[in-house]
Protein chains: 2
Amino acid sequence: MEAAGDVEALVAGVLAGERRAVARAISLVEDGRPELEALSAGIYGATGRATTIGITGAPGVGKSTLAAALVGAARAHERRVAVLAIDPTSPYTGGALLGDRVRMQEHATDPDVFIRSMATRGHLGGMALAAPEGIRILDAAGYELIMVETVGVGQAEVEVAAATDTTLVVLAPGLGDAVQMAKAGILEVADVFVVNKADREGAGEVARELRQMLHLGPAREHDPPVLSAAATLGDGVEELWDAIEEHEAWAEASGARDAWRRARLVAEVESLAAERFRVAVASALEADARLAGDLAERRVDPYGAAAALARRASP
Amino acid sequence: MEAAGDVEALVAGVLAGERRAVARAISLVEDGRPELEALSAGIYGATGRATTIGITGAPGVGKSTLAAALVGAARAHERRVAVLAIDPTSPYTGGALLGDRVRMQEHATDPDVFIRSMATRGHLGGMALAAPEGIRILDAAGYELIMVETVGVGQAEVEVAAATDTTLVVLAPGLGDAVQMAKAGILEVADVFVVNKADREGAGEVARELRQMLHLGPAREHDPPVLSAAATLGDGVEELWDAIEEHEAWAEASGARDAWRRARLVAEVESLAAERFRVAVASALEADARLAGDLAERRVDPYGAAAALARRASP
């Protein structure tokens, strides 16, 4: 627990772009600490300046390598850049499994690059609510470009990656085809597609199949381009950078970006408020020693029990 | 909207095991209709008899083929069996993408087999809350074995598959390795591992790597076996069936199964109650015309806005 003065100092440190303050602020988000409210209020005025990029795709397609390559491109364009890798907590490691150290080594000493993995163990809203606050901290600290990378490819992960200005969906040969991606609801969120590992057999077919699939889908305001890259070789990275900038320019000029950002903020507030209620529900539940037995013995059904519980909870 | 008498007839139909009633009841769950509460109350007394199996794994590992093979095994053991495939809603199809018709053709005419995909478009709690009610409907209708298959492999999908008596995690050569699975938090939920497509190159290595990975993890009360199968050829299916029965027998005898079931019911009630609050929050939000502007202009921060909103909402 930190005193009010400590949060003030933390806010000042984040606004000054101090790396240690930024790291500590993100840890507050990970742990869902009560100081989060004061931190959020303190930094919010300095947010909304950064451009955000979401990166998602099946495990193994090379999202991290692509993110590292984009960090290089951002630095070549003299942009301050941060990467937030959203990792589910795993008992196998007791925390985030992707280390900050093991990858993106080449950027480790660059003061204008910040790379961090974020677990969401303590934050009640999970990654969907932890990620936007993590992004705002990096934004307030002056990073101009913020990339968010998700590990899995489920509903929650896709939502996190989609809650950005430009969403990159990464594919690779041999790692689930376009039909599988469509099943997972992942195609619809893409602003830019990248077929990575383009030096491998089958890459051309993945791109062809994807284009066919997109052709079957609904028309989009801004059709997502399908690019190729081989991130480990550096191939296609500059083209990818251009496509991202092109999408960003369109979104800004058309007003779509500001509309998305507003809608995302309102949806986030709704979820945050609902989470406050969840806490009230949990304590009402804890006070009810009989519920588990009543459910198990079929004296009350789950929907009926929930209605009764909601009446008793006071947020 | 159905009248109260209609729900009563629906409940009677489900309890009598009528296929059309079961299908209509599951549609009610999909759409999150208000009649759900009466349906839940009506059938709950007849639930808790079925054994449930969750099937998860990366896209393309052959979960559906394996599920179809297990349906065959269940029928050979004279068990009434149902499969519920949980599909995210995709605008590409306007609904569940996996058709009931295109697979498991061989069981289509067997009156003791029920196969259904379930979208969760209207259910406020998403698949995490729709799936358990779907399972209860099938349970009340007299299916003795109920398999739940998820499409993606994210946090939400893994949770749904894990909320069963025995959770099967399916792997296959070339579709994400064990390290990737650990990143996605998927290894911890497995009661039984199956390396499918065992006739393909690399299957042995997947199993070896997985065993190594498990060796590094924490000790488990009941160590999950690692089996091999080639579901399209029918190889390894009987061994898989035996492993599932062995786990089920252990869980029942040790008391673990009843403890898990109780804990899952309480957690579900907590989530259902929280969803009721979410509805109240959403209407309070709708009544607040200024919030979006205040957020966009940085007059209020998301956490502060959520606290104010929670105070105004009355569930």
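Trainee: Which residue is the bridge partner of B:Gly54 in β4(B)?
Mentor: The partner is B:Val148. Before we go on, this is a predicted model, in which local features need pLDDT of at least 70 and side-chain atom pairs count only at pLDDT 80 or more, while totals for chains, interfaces and linings use all residues. Residues are numbered from 1 along each chain as its sequence is written, chains are lettered from A and ligands numbered from 1 in the order in which they are written, and side-chain values use heavy atoms, leaving out hydrogens and water.

Trainee: Over how many bridges do β1 and β4 of chain B pair?
Mentor: Two strands pair if DSSP finds at least two bridges between them. Helices (H or I, at least four residues) and strands (E, at least two) are DSSP runs, numbered from the N terminus. Here β1 (residues 51–56) and β4 (residues 145–150) of chain B run parallel and share 5 bridges.

Trainee: What is the strand order in the sheet of chain B?
Mentor: Chain B has an open sheet of 7 strands, ordered β3-β2-β4-β1-β5-β6-β7 with parallel pairing. Its edge strands, β3 (113–118) and β7 (226–228), each pair on one side only. From one strand to the next, the twist averages 20°. For such angles, axes are lines fitted to C-alpha atoms, for helices over the stretch in contact, and values run from 0 to 180 degrees between N-to-C directions.

Trainee: Which strands does helix α5 of chain B lie across?
Mentor: Contact means heavy atoms within 4.5 Å. Helix α5 (residues 126–140) of chain B lies across β1, β2 (81–86), β3 and β4 of that chain, at about 165° to β2(B).

Trainee: And in chain A, which strands does helix α8 lie across?
Mentor: Helix α8 (residues 203–216) of chain A lies across β5, β6 (192–195) and β7 of chain A, at about 155° to β6(A). In chain A, A:Gly57 stands opposite A:Val170 in β5(A).

Trainee: How much area is buried between chain B and chain A?
Mentor: The size of an interface is often given as the accessible area lost when the parts come together. With a 1.4 Å probe, that loss is summed over both parts. For chain B and chain A, about 6,600 Å² is buried, with carbon and sulfur atoms giving 71%. The contact takes 73 residues from chain B and 73 residues from chain A.

Trainee: How many salt bridges does the rule find across this interface?
Mentor: A salt bridge is a side-chain nitrogen of Lys or Arg within 4 Å of a carboxyl oxygen of Asp or Glu. Between chain B and chain A, the rule finds 0 salt bridges.

Trainee: Which helix of chain B gives the most to the side touching chain A?
Mentor: That is α10(B), with 16 residues.

Methods: Buried area is the accessible area (1.4 Å probe) that two parts lose on being put together, summed over both.
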